[in-house]
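Trainee: I am new to this structure. Please take me through how to read its features, one at a time.

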Amino acid sequence: MFSLKIGNGKNLPLEIMLSTIFYDRLLFEVTRNNEKIYYSLLPNRVSFRKNKQLVDDKIAMLQERYNNEISIINPISYFSALTPVLYVILFFKTLFSKLLIPSQWILAFREKNSTEWSKIKFESNELMADPFIYYHDSKYYILYESLNYDTNKGYITIGILDSKSKSIVEKKTIIEEDYHLSYPFIFEMDSELYIMPESSSNNTIDLYKCIDFPYKWKKEKTLIDNILAVDSNLIKKDGLWYLLTSEKSKGISFGDELSLYITDDLLNGKFIPAAGNPISHDISKSRNGGFITNDLRISQDCSKRYGYKINFMEITELSEKNYSERYIKSIKLPFGSIAMHTYNYTHDIEIIDLKIINLSPYFLYRNFSRVFKKLITRILK
C-alpha cells in the first residue's frame, strides 16, 4: 500500500485554499517502504473550486497509476476558522492582479557575453512569445508566436532581427491555421528546413516544410494524432528520432510532466511512446523551453507560475529504454519582468520571451475591457 501526503499534510480543504493563495506549487508525496516519489501541480490562482478540481484529478490520476493502492494521509474536514479570511484575501488578490496589473508577453535579446537584455519593439495589443532563431546569410531570422489579444489565436511569424533599432523587420506570417499555433521549433534534416509548431488546439503534432525560405511553408504531415501536447522538441541520435513533449490529461496539466516518443523514420514511420513515460514529473523541470541537442535541453520551471524560470538540463542518457538528465543552472528573470518561458541562441545572439507589466493607458483600457467582457459573459451564462 502507498501513502499520499498532499502539501504539508494539513487538512486537505485547507491545503487547497492555502495553495491557491500562497504556495509556489502543491506537492504530492507518494511513499512506500520509505521510498518517496514526488509529483506536483501549479495551483489555480483564481478559484478555490477550480483548484480543488485540479487536486481531485491529480489524486484520481495517481490512484490509477498506482492501481488504486494509495491511501491519503491528510485529514479531511470542511470547517476552518481561516476560511472566511482566505476567501476575502483571494477576492482582493484576484481583483487587483486581473484589473490593475495587466501583463504582456514580449521578446528580448542580447549579444553573447553581455549581461543586459534589450527589449524588442512591440505593439500594445500584440503578444510575442516562443522565439526561435535561424541564422542564414549573416542574418538572424526570428520565428515566434504572434497573437492579437482581441482574437486570442496564435500564428507563426518570421522576421529579421535588427539589433541597432532593436526591432524585427521584414516580418510576415508564415503559418496560420483555424486553431492556435505557437512554439515554432525549427530544425534541419537532409539539407531541408522544417518547423514543428505547437498545435494542441488541434490535438496534433504537425510538421511543416520550407518551400521557399523564409516566407513559404507547407504542412508536410501529422507526426502524432489525437494528442493534447505542447512545446515539442526533436532529437536525432543513433538513427532514431526522439520527440519530447508535455501532454495534458485528467490530473496532468501541460507543465507537470514530460513524455518521450520514438521512431526510426520521421517522415514515414510511426512514433511509439517510450516504455518509461513520463520521463519527468517535476513541474519545475519538465516542460520544454527552447532548443535541444543530444546532451542539452532547455526546460521551464512552472512551479511558482507559468514561465517562472528557464533551466539548462544536461541529458545524461537517451536511448529506447532510458532517459535521464541533471539540472545545470537557471536563467534569472531580467529586471522588470515577471516570467519567461522560451530561450534560444545561435552564433552571437541569445533571445527570450518576457512577461512584463504594461501600465500604459491604452493597455490598461484594453485589459479592463477584456476582463469586463469575460465577467459579463460568465454572468449571462
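**Reading a predicted model**

Mentor: Start with Asp-238, which is exposed, with a relative accessible area of 72%. Keep in mind throughout that this is a predicted model.

Trainee: Where is Asp-238 found?

Mentor: Asp-238 sits in the loop between strand S15 (229-237) and strand S16 (240-247). Its backbone deserves a look too: phi is positive, about 50°, although Asp-238 is not a glycine.

Trainee: Which loop holds Asp-137, and what is its phi?

Mentor: Asp-137 is placed in the loop between strand S7 (126-136) and strand S8 (139-148). Asp-137 is not a glycine, yet its phi is positive at about 50°.

Trainee: Is Asp-137 buried or exposed?

Mentor: The cut-off for exposed is over 50% relative accessible area. Asp-137 has 59%, so it counts as exposed.

Trainee: How do I read a cis peptide bond? Which residues does one join, and what is omega there?

Mentor: Look at omega for the bond. Phe-213 and Pro-214 are joined by a cis peptide bond, with omega about 5°. Pro-214 belongs to the loop between strand S13 (204-212) and strand S14 (216-225). Another cis peptide bond joins Asn-277 and Pro-278, where omega is about -5°. Pro-278 lies in the loop between strand S18 (272-273) and strand S19 (288-292).

Trainee: Now the helices. How many residues of H1 are buried?

Mentor: For each residue, the cut-off for buried is under 20% relative accessible area. In H1, 10 of the 10 residues are buried, so the helix is largely enclosed by the rest of the structure. The buried residues include Leu-12, Pro-13, Glu-15 and Ser-19.

Trainee: What do the buried residues of H1 pack against?

Mentor: They pack against strand S1 (2-6), strand S2 (26-32), helix H2 (48-65) and H3.

Trainee: How do I describe the way H1 and H3 lie together? At what angle do their axes cross?

Mentor: Take the distance and the angle of the axes together. For helix H1 (residues 12-21) and helix H3 (residues 83-100), the axes come within 10 Å and cross at roughly 25°. That makes H1 roughly parallel to H3, since angles under 35 degrees count as roughly parallel. The crossing of these two helices is left-handed.

Trainee: Which residues meet there?

Mentor: From H1 come Leu-14, Met-17, Leu-18, Thr-20 and Ile-21; from H3 come Thr-83, Leu-86, Tyr-87, Ile-89, Leu-90 and Lys-93. Sorted by class, the contact of H1 with H3 has 8 nonpolar, 2 polar and 1 charged residues.

Trainee: And what is the angle between H1 and H2?

Mentor: H1 and H2 pack at about 120°, and their axes are 9 Å apart. H1 passes H2 in a right-handed crossing. On the H1 side, Leu-12, Ile-16, Met-17, Ser-19, Thr-20 and Ile-21 meet Phe-48, Asn-51, Lys-52, Val-55 and Ile-59 of H2. The contact of H1 with H2 divides into 7 nonpolar, 3 polar and 1 charged residues.

Trainee: What about the core? How many residues does the largest nonpolar core have?

Mentor: The largest nonpolar core has 48 residues. Among those with the most contacts inside it are Phe-187, Leu-223, Leu-260 and Phe-271.

Trainee: Which residues is Thr-346 in contact with?

Mentor: Thr-346 is part of strand S24 (residues 343-346). Setting aside neighbours within four places in sequence, Thr-346 is in contact with Ile-133, Tyr-135 and Tyr-140. Its relative accessible area is 16%, so Thr-346 counts as buried.

Note on methods:
Residues numbered from 1 in each chain as written. Predicted model: local features only at pLDDT ≥ 70, side-chain atom pairs only at ≥ 80, totals over all residues. Heavy atoms only, no water. Axes fitted to C-alpha atoms, helices over the stretch in contact; angles between N-to-C directions. Helix = DSSP H or I, 4+ residues; strand = E, 2+ residues; numbered from the N terminus. Parallel < 35°, antiparallel > 145°, perpendicular 65-115°, else oblique. Left-handed = near helix turned anticlockwise from the far one by under 90°. Contact = heavy atoms within 4.5 Å. Nonpolar A, V, L, I, M, F, W, Y, C, P; charged D, E, K, R; others polar. Core = buried A, V, L, I, M, F, W, Y, C linked by side-chain atoms within 4.5 Å. Buried < 20%, exposed > 50% of the residue type's maximum accessible area, 1.4 Å probe, protein only.
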